[in-house]
2 protein chains.
Amino acid sequence: MKLVEPIQDLYDEEFSHCYGCGRLNDEGYHLKTYLEGEITISKFIPKDYHIAVEGFVYGGLLASLIDCHGTGSASIFYARESGLEIKMGNAPRFVTGNLNVNYIKPTPLQKELKIVGKLIEITNRKVITKIDVIVEGVITVTGEVTAILLPDNFGKVIFHRK
Amino acid sequence: MKLVEPIQDLYDEEFSHCYGCGRLNDEGYHLKTYLEGEITISKFIPKDYHIAVEGFVYGGLLASLIDCHGTGSASIFYARESGLEIKMGNAPRFVTGNLNVNYIKPTPLQKELKIVGKLIEITNRKVITKIDVIVEGVITVTGEVTAILLPDNFGKVIFHRK
């Protein structure tokens with residue numbers, strides 16, 4: 001499968017307000033997940049105030065990046081495995097069921113973070129990915145994201161929204 | 001142990017810049033973790049832009065709140081178990097080793113989140129807590145945080161800072 005755009009730019013408008021990766025959220029991080037061969041990649045430079053202790057990136061931000069890269073990667077891998085041709089507005093939207101993050105070593109601030117996703121397992125409605133955060137070639141944080149496909153009738157059935 | 005102030009207001013200045021809970025971070029969330037009997041409690045109201053999909057809180061924010069409440073709770077429980085009298089500037093500072101979050105159901109926006117911590121396990125340098133996010137009496141997210149005590153010589157020994 002070829003995919004030029006980041007997956008987050010191909011979600012339906014309704015699902016594009018996420019603080020971590022929604023193109024329609026003016027305040028958010030705007031994470032962009034690309035397919036490159038067999039893996040997925042995002043890049044992100046934290047702000048100076050995204051600090052844990054002096055010189056190092058806040059763990060909650062790192063968890064957030066892993067979360068959004070995981071759901072984005074799930075969308076890409078799910079489309080690929082099911083033979084779906086992704087077009088504007090039809091990218092499958094996943095939400096996180098479980099997020100498990102291991103902080104291996106401190107992640108330095110003022111560097112570009114490369115976030116890499118690999119497919120671990122895929123079923124009918126669930127995609128598990130391994131997500132690494134890499135700084136200058138070194139993995140500082142690694143996570144696993146279990147992402148769940150939103151049903152088409154999301155809202156009405158699941159959440160009883162009007 | 002009695003503790004009137006939130007633990008984050010008793011960290012040394014050097015460790016008070018965290019985006020999630022540092023009192024000296026102007027941009028951050030300023031989470032405040034209190035001891036109440038045997039448990040720890042924080043409260044937080046997300047902003048409207050902390051959205052995942054319409055009406056529901058962004059999972060990365062929820063992971064962040066669990067993270068900071070976990071390290072704050074670790075500090076409190078560690079002080080209690082070791083008989084340390086916490087005063088301004090001497091609260092033990094923990095960082096996260098592992099963060100494992102289960103999203104049980106969507107967390108609605110525009111509500112106060114109550115974040116509750118319980119001690120699971122404590123060793124010489126490690127504290128494991130169970131952290132629940134509760135909205136109007138319902139647990140929507142539950143997590144486990146493995147927090148690691150920073151050594152006194154943090155910076156020089158561990159990170160080779162000048």
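Q: Take helices as DSSP runs of H or I with at least four residues, and strands as runs of E with at least two, numbered from the N terminus. How many residues does helix H1 of chain A have, and how far does H1(A) reach?
A: In this predicted model, local features need pLDDT of at least 70 and side-chain atom pairs count only at pLDDT 80 or more, while totals for chains, interfaces and linings use all residues. Residues are numbered from 1 along each chain as its sequence is written, with chains lettered from A and ligands numbered from 1 in the order in which they are written. H1(A), residues 59–82, has 24 residues and reaches 34 Å from its first C-alpha to its last.

Q: What span is expected for H1(A)?
A: Close to that: 34 Å at 1.5 Å a residue. The expected span is 1.5 Å times one less than the number of residues.

Q: Is H1(A) mostly covered or mostly open?
A: Mostly covered, with 21 of its 24 residues buried. Buried means 20 or more other C-beta atoms within 10 Å of the residue's own, exposed means 12 or fewer, and partly exposed is in between, with C-beta atoms placed from the backbone.

Q: What follows H1(A)?
A: A:Gly83, which has a positive phi, near 70°.

Q: And which strands does H1(A) lie across?
A: S1 to S6 of chain A, plus S3 of chain B, at about 130° to S3(A). Angles run from 0 to 180 degrees between N-to-C directions, and axes are lines fitted to C-alpha atoms, for helices over the stretch in contact. Contact means that two C-beta atoms, placed from the backbone, lie within 7 Å.

Q: Switching to the sheet: what is the strand order?
A: The open sheet of 12 strands runs S1(A)-S2(A)-S4(A)-S5(A)-S6(A)-S3(A)-S3(B)-S6(B)-S5(B)-S4(B)-S2(B)-S1(B), with antiparallel pairing. Strands pair if DSSP finds at least two bridges between them. The edge strands are S1 (34–36) of chain A and S1 (34–36) of chain B, each pairing on one side only. From one strand to the next, the twist averages 30°.

Q: How many bridges join S3(A) to S3(B)?
A: Five, and these two strands run antiparallel. A:Asn98 stands opposite B:Asn102 there.

Q: And between S3(A) and S6(A)?
A: Nine bridges, also antiparallel. On this side A:Asn98 stands opposite A:Thr146.

Q: How many residues of chain B are in contact with chain A?
A: 36 residues of chain B are in contact with 36 residues of chain A. On the chain B side, H1 and S3 each supply at least two residues, and S3(B) gives the most, with nine.

Q: Polar or nonpolar, that side of chain B?
A: It divides into 17 nonpolar, 14 polar and five charged residues. Nonpolar covers Ala, Val, Leu, Ile, Met, Phe, Trp, Tyr, Cys and Pro; charged covers Asp, Glu, Lys and Arg; the others, Gly among them, are polar.

Q: Now B:Leu113. Why does it count as buried?
A: Because B:Leu113 has 21 C-beta neighbours inside 10 Å. It lies in strand S4 (residues 113–122) of chain B, and its contacts beyond four places in sequence include B:Phe44, B:Leu65 and B:Val133. Its C-alpha is 5.8 Å from that of B:Ile134, 21 residues apart along the chain.

Q: Where does B:Leu109 lie?
A: In the loop between S3 (94–103) and S4 of chain B. B:Leu109 counts as partly exposed because it has 19 C-beta neighbours inside 10 Å. Leaving out residues up to four places away in sequence, B:Leu109 touches, among others, B:Pro46, B:Ile51 and B:Phe56.
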